[in-house]
Amino acid sequence: MSRTMEWTVRVDLSDEDGATKAAAVLDTGTAKLTGHGVAHCSLQDPDVPTIGDELAASRAMRDVAAQLMSVADRELGEAGAGSADGPVPPPYAWSDATT
């Protein structure tokens, strides 16, 4: 079985009161997950806006990734793939090749 899908991620950035804020929205076509991230520049650090953008955006995307993993874990359990509580070595459903 072969299939192709496209998911999109949109990241909106804003600067307010010395903080860079990011909202990342993952749109799968059937669901949307929104993550948030914030970065603050320390007073002793040079003000480099792109670094704040990168930090806030990466934190927002990490938030989305955690939400997506929670959805997948819940759906694995509903499909009878076993419990996702605690560390479970592969081959728990879809293994994470990075571990």
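Close-up 1. β1 and β2 run antiparallel and are joined by nine bridges. Strands here are DSSP runs of E with at least two residues, helices are runs of H or I with at least four, and both are numbered from the N terminus; two strands pair if DSSP finds at least two bridges between them. The model is predicted, so to speak of local features takes a pLDDT of at least 70, and side-chain atom pairs count only at pLDDT 80 or more, while totals for chains, interfaces and linings use all residues. Residues are numbered from 1 along each chain as its sequence is written, and side-chain values use heavy atoms, with hydrogens and water left out. Look for R10, whose bridge partner in β2 is V25, and for V9, which stands opposite L26 in β2. Two residues sit between the strands of this hairpin, and D17 in the turn has a positive phi of about 50 degrees.

**Close-up 2. On to the next hairpin, β2 with β3.** Again there are nine bridges, and β2 and β3 run antiparallel. K21 faces V38 of β3 as its opposite number. The hairpin has four residues between its strands, and G29 in the turn shows a positive phi of about 95 degrees.

**Close-up 3. A nonpolar patch on the surface.** V9, V11, L13 and M61 make up this patch, with about 310 Å² of accessible area together. Areas come from the Shrake-Rupley method with a 1.4 Å probe. β1 gives the largest share, three residues, and L13 has its place in that strand.

**Close-up 4. The second largest pocket.** This pocket holds about 290 Å³ of space. A pocket is an open set of points on a 1 Å grid, where a 1.4 Å probe fits, with protein on both sides within 12 Å along at least five of seven lines; lining residues have an atom within 4 Å of a point. Of its 17 lining residues, H40, C41, D47, V48 and G52 lie nearest the centre. α1 supplies the largest share, four residues.

Notes
Points joined across faces, edges and corners; volume = space filled by probe spheres on them. Patch = residues over 30% accessible without salt bridge, like charges linked within 9 Å, V, L, I, M, F, W, Y side chains within 5 Å. Salt bridge = Lys/Arg side-chain N within 4 Å of Asp/Glu carboxyl O.
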